[in-house]
Amino acid sequence: MAERIGYYPGCSLHTSAREYDLSSRAVLKALGMDCCEIPDWNCCGASSAHAAGHALTYALPLRNLIMAEGVGEDLLVPCAACYSLLRSTEVFLAINSGEARKLQADVESVMGKAYNQKVKVVHPLDILTRSRMLSKIKDKISNPLKGLKLAPYYGCLLVRPEIIAFDNTEQPQKMDILLRELGAEVVRWSYKTECCGGGLGITQGSAAAPLVNRLVTEAKKAGANAIVTACPLCQANLEGRQSQEMPVFYFTELVGLALGLPESKKWFASHLVDTSEALAQVEGGLSGGR
Amino acid sequence: MVLGGGIAGMQSALDLANGGYLVHLVTDEPSIGGKMAQLDKTFPTNECAMCLLGPKMSDTLSHPNIKIHTCASLGKVDGETGNFRVTVNKAPRYVDMNECTACGDCEQVCPVKVEDKFNEDMRQRKAVYKLFPQAVPNKYLIDKRGMPPCRGTCPAGCNVQGYVALISEGRFGDALEVVRRGMPFAGICGRICHHPCEGECNRQDFDQPIAIALLKRSAADYGWDEASEKDLLVKKPETILTDINGNLLKVGIIGAGPGGLAAAKDLAEIGYKVTVIDALPEAGGMLRAGIPRYRLPGEIVYREIQAILNLGVELRPNTLVGVDVSLDQLRQEFSAILVAVGFQKGRSLPIPGIELKGVQLGVEFLRAAALGEKPPVGKKTIIIGGGNVAIDTARTARRLGAEEVHLFCLEQHGSMPAHRWEVEEAEEEGVIIHTGWGPKEILGKGEIVEGVKFKRCKQVFDDQGRFNPTYDEYETETVFAGNVILSIGQASDLTFLDGSGVEVSRDIVPVNRLTYATNAQGIFACGDVVSGPASVVDAVGSAHAAAESIHRYLQGMDLERSSEKPELVDTPEGLKVVVKDRQQQDLLHASERVKDFREVCQGFTPEQAVEEAKRCLNCGICSECLQCVKACKKNAIFHDAIPESIELNVGAIILSPGYEVQSGELRGEYGYGIYPNVMTSLEYERLLSSTGPTQGHVVRPSDHKAPRKVAFIQCVGSRTCDKGAEYCSSICCMYSTKEAIISREHDANIEPTIFYLDMRSYGKNFDKYVKSAKNNGVRYMRTMISSVKEDPVTGNLIIKYIQGQEIIEEEFELVVLAVGVKPPKAARELAQVTGIELNEYGFAYTDPLNPTKTSRPGIFVAGAFQGPRDIPETVMNASAAAAAAESLLATGRNQLVTPKVYPRERDVSSEEPKVGVFICRCGINIASIVDVPDTTDYARNLNGVVHAEEFLYTCSQDTVKHIKDVINEQGLNRIVVASCTIRTHQPLFREALREAGLNQFLFEMANIRDQCSWVHRAEPQRATVKAKDLVRMAVAKVKRHSPLHMEPVPVIPAALVIGGGIAGMTACLTLAEQGFKSYLVEREPVLGGSLHNLYFGEDGKDAQEHMLQVIERVQSDPLIQIHTNSEITDLAGHQGHFTTTIKSGDLHLEVHHGVVIVATGGKLAEPNPAYGLGKDSRIITLIQLEEKLHTMQQVQNGDPLSVYQESLADWREAALILCASAGKELPHCSRTCCTQGISNAIRLKQQNQDGTVYVLHRDIRTYGFLEAYYRMAREMGIMFARYDGENLPAPELGEKLSIKVKDLDSELEFNINPDLLVLAQGFEPASGARELGTLLKVPLNEDGFFMETHAKLGPMDFPGSGLFLCGAAHSPKFVSEAIYQAQGAVARAVTILAKPHLMVGGIVAKAEPEKCAACLTCVRVCPYSVPKIGANRVAEIEPVQCHGCGTCVGECPAKAIQLQHYTDEQMLAKISAVGGV
């Protein structure tokens, strides 16, 4: 019996980051978890709401948390920005300050539904790197990514702020561990949590471009064939603003590939950068991409 | 009791012991020395830390009143002050401290290498080790963690970690010996064991388990010949055991399989006469007649059995018990019998056709094949069964010519009972496996088998997990073949036990599973007959237990014994594991394999075995391979030592457990632990040390190349609110400065840069030290570092920082993190055990006015346990704690220390020299290089030598006793020991002379180890020549030795204390508490000194109130004689007895005292005139501000005495200028002003929260916990602006005060108009200090403060004996610091005052008046100012004062001075002996 887990796709996973959506669901399914999208979810407000008003910062995510209750014990949030905000909201409410109590009461009265602190917000990277899952993955790998050199990129939101971090905030390791388990080689680089400028990607592209190119250059210098991320904004920004043809994978795509999920080939087709050269590094010769 | 063996613990212990108390020094480390031992150099003196520490450690060790307890911790503290009962738990060292000579032989042979914590894991040490080369006590110990899972899991108890460790060093022979202790069939089990150990190996958490079984095979394959040569295979018993009548004790074993033989070996090794009876023609059981040869070659079996028979075990082959001999007969013959016949029969099935010809049983088929009988196989053969025997059968059939082998089993592929690898190999060889089938019937044509009809097996086990197959009778398959072999299980044949009284139940012999005794007296059983079919290793395991029971039975002991299994340890904590795949052995190709019975698995090559063994994580640390036991010629090693608990009765307790350093990982952004070239300061300290991992070469970890650019990042884990500690760690600025300077001394190409926030060089001479660093090429950058990045190609590190408005990225080759100080690991536990309180940071809580006292009476603290501090502060603190304990126990002084009584000294003046020479082999340390017998013969023939003898260890207790006996028997009157060094061993031998009634100075040592065998390893012959030279020289000198005697000089138990400030008063009070009289001389009319200028203590409490209390106590103490308005005009005499003239007005008074304590303090410096003090009423000093604030506080508190009511609240803008006495440069740091200034700025701001307070500063030096003031001030909104000497923030006077402020941190310029400007004055030495220095003949530093003997270890001592120093006369300090230094000075003084008399003489300089020309050379060169031109106009050297350094002897132009024991005559004799023969 597959275990049910709540699933919050946020706005990007149904649009620009479809491959992240598909690969996350497919991988979890292969590992015995059934992702159930929560009903009538709304934008979490990650990129802009907090600028519009303090109350909105937590109010929008709280509505989602309330909607998620009853779907599953955990609420899986693949987008790093959504995750950071939803999880921060969960923690904020758990601490139960006067401000939190007021917000909760307001949202509850608008929705006519209570918040019971029943849902635990989790990120797929956190789930997949728990020891039980890791050994499950280990057993199921049919397509080890031997020969592939990867630069794990956590970005700025996935493990920050510290109060919500499921990994070391300055030197996160979990993606490294997961990718190594898949058989890939993980390069040592210093830019794991350096900002890619994704937040300015649309409003001020000229500020983001040098940040992106620095990251790609450094990943190349470290010997990587590709960058691996867990954030739709980073992925789009990193693939879209560089001129160096370095593909940027979602880590879930690579897990799916290593598990030999047949649909994995389709995901790579939607990348902006051709992934075939990088994937050709895998010993035994996988091929993907456009 | 003193807890902690660091510098604090040693200082407290020495002061107490010298003050007449018995001290128990308890440390959880194996050596004393503490953190200082890890340091390379000390600041600001750049001296070798170990060289300073060495003598201190030696003094501690050799002090008769200090008992050192190493590896010990506090269990319980009962009782109360003056009478504590302390439980001390001592962990075993496993090496006898009395016997160990630190020869290092054990370390040489120990195969286990683990990370060396002392070297911060940057190199490896052995499991048997010394903490560091100069460890004190200089004894080895063994590091054990417990039972590793491999060893604990092995049914035979085979010591896996032990032999794996030996293999890692390529020592296959020794490894084999270790294997065979638990597993006599190393080569066999190495091939066929199912190795449950590998399943438990901790390494699999990281990659894959160690290939344990294959390593065992390697030990047997490559170690057999070596072990055989070294006679390690056959361990003949020490005695042959007999019964009371002298008859041999005989044991009969039925069955020569692995169980029977293993038991035979155990029993034969103990000394029993063992006979093994077997039905087959040869021994081995299933080993020989069951397991196919391609898995287990016959010669391996043969030689391992033979090694057992070689013990004298008798084999009776071809003897079937029950047929050839009856059990009763055997019971007659043997005192005990072991039944180990195993499961020899194959099981059959009750199905149709089973009786047909061509149907065989697997076990019998294999036995026939193994014995070379070539059992018949068809071209096509069917095997039924899914276990290992079935697989063996199938593969054997292939080899015997069956072209098509079909194996049918009930189970599905993944759940076959056979090992996965066996199945795979069979398939490779072409065996076709059909899973999920059970035989329905065997088909035949007449009597001959034709095939098998199978039915589908639906389920093998039922719901209860029992074997209970269910079939689908309708799904069948028929296979035709000419041969069918059933391998579905084995059975035993126990018919010989029928009627014997031995109980048999369902094929097995029931036994007590602990003792393996059957129900019949004297009959035991083991192996498969007890357990059902199992493995070789299980059989051997049960055989060990049965053999031990038989031994117990025959010795009349209780058979029952503890069955407690030790807990298995996991991976050592914090172990860094580098992923490395397990080695793979070669297999013969399948096409080759089926041709014959050649061995399939090729095993490891020796190189592979070593590589594989190196993967072992050494989970147990010590592997108990027992190589050390063999190597130790002193038999000093006891692996079964257990922890012990002792109870001590003590009057007072001093806790000085030291500190820990913060982890470099606290600040992840610096990449420590990720980037190899980022290290902590303590690691760097080891890198600089000559005893460190690189012998002092500065190379970076990633590529071992010398770095050029090295960055130091300060405040890692200090002065931070979220990661690490809020306080300042006090020492890092200085140690980084030192490390930077020393780096450049090691390698002038290094360019160090120190990134810091504030330079906290607040201690004595620290600013000068930083200045010298700057002059020597150390770059200081004041900036916070936000992250360190690594260049993945070069491994260089990129540091980004802001300089001015610019962001700079600079590349370095090495980054050193200045990690801060945190409380010791055991702090919480210690607080719990002792019941003392900790402060908010987890350090011991103390009151600043009583700085060593904890919250529990009778328990004191010293050193860094109280808070971060450097070495001199620690020493002061430790002496202070000693003084506090002494005060408490004043009445008990000298009661527990009993002087030793020696025999009367023999007068040898009329005797001719009769020299005895004792030469040490030092294990193999000397003897393996120097020809010791030859040297001894040589010594025997030297002129004057009447006795020469060599010893394995001259320093061992029995040898020392022997020397004493020889002295008396032969009437020797001069002794030479040729061994190691006088530094450590001279006291021992001198003591022996005294005990033998000889004067201790009639002794000489020749160092033929450190100075000969150790340094001339490559040239043994010439080393022997040199050893003879050294012995000859020693003999030449000792013949001219004459007895020297120490003379007692009485001590006057009183002190002169100069200066009536807080330090002087505290000194007097502390002396009085201990019962000593003091004369307190104060120039001013009132006591109190600089305290008159202090209104708030560093803790914010009222300082004036405290001052008045102290003055009151001093004045009312009858033991303190106060002389105010007085000065010293003359001081004469020596330690123990000084005579001083005190001038009070016109009166002159002469007083006599044993010691002098200088506590003259200092005074406030004038503010720089640029700040306009006195020109404007708005400009005041910090003292004036404090006085006003104090008054206001008293008004607010409603104190009626206070009438002064000037309001301070009407200011709008206030500014405080720190370092206001200084000009362009700071002469020295006055230490207290930052804290005093900021705390008053806080008070000011509290008075008027709307006002703005500016603090204008150079550096903020709120060190230690004082940092809290700085933080609080910033949080309150007090504005800090940094200026430098080039731009003093001088005010423009006028209607408004106007100061142009240029803040160096923000680079902002702005104007302020304070209506209150406060100047923080500096602090300088008291006027007249220089004159007093001349009078006392003690030196001053360039700032005019008194100079102590040694900046680190002698902060309260003057070079001249009997003179001590404390308080601000030493350097500026807080009240609490002055208090503990004063207490400390008393502890130092008491080491003299506590003695009724001082022993004087011995090795001192003696002037010959007739030769002296009174040229003053000696007076000038003596570092201790001892020689004087006396009344006779010739040089006089007071033996009480002389340190025996010999400087004057060398300089005296008239050769009028001789150093006793090193006279010209003695030295010349020694030197001329170099050339002579």
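Reply: **Salt bridges within and between chains**

B:E1019 is partly exposed, at 38% relative accessibility. Here buried means under 20% relative accessible area, exposed over 50%, and partly exposed in between (1.4 Å probe, protein chains only). This is a predicted model: local features need pLDDT of at least 70, side-chain atom pairs count only at pLDDT 80 or more, and totals for chains, interfaces and linings use all residues. Residues are numbered from 1 along each chain as its sequence is written, chains are lettered from A and ligands numbered from 1 in the order in which they are written, and side-chain values use heavy atoms, leaving out hydrogens and water.

B:E1019 pairs with B:R1022 in a salt bridge, with the closest N and O atoms 2.8 Å apart. The term stands for a side-chain nitrogen of Lys or Arg within 4 Å of a carboxyl oxygen of Asp or Glu. B:R1022 is exposed, at 59%.

Another bridge links B:K1470 and B:E1004, with N and O 3.0 Å apart at the closest. B:K1470 sits in helix 41 (residues 1464-1475) and B:E1004 in strand 41 (residues 1003-1007), so this pair ties together parts of chain B that are 466 residues apart in sequence. Helices (H or I, at least four residues) and strands (E, at least two) are DSSP runs, numbered from the N terminus. B:E1004 is buried, at 9%.

Now the chain boundary. A:K221 forms a salt bridge with B:D791, again with 3.0 Å between the closest N and O atoms. A:K221 lies in helix 10 (residues 205-221) of chain A, and B:D791 in the loop between strand 32 (788-790) and strand 33 (797-803) of chain B, so the pair joins two chains. A:K221 is partly exposed, at 38%. B:D791 is buried, at 7%.

Between chain A and chain B there are 5 salt bridges. On the chain A side that touches chain B, 2 residues are nonpolar, 4 polar and 7 charged. Ala, Val, Leu, Ile, Met, Phe, Trp, Tyr, Cys and Pro count as nonpolar, Asp, Glu, Lys and Arg as charged, and the others, Gly among them, as polar. In total, 13 residues of chain A are in contact (heavy atoms within 4.5 Å) with 14 residues of chain B.

Over all chains, the whole structure has 105 salt bridges. Some are linked in a network that includes B:R295, B:D392, B:R395 and B:E422.
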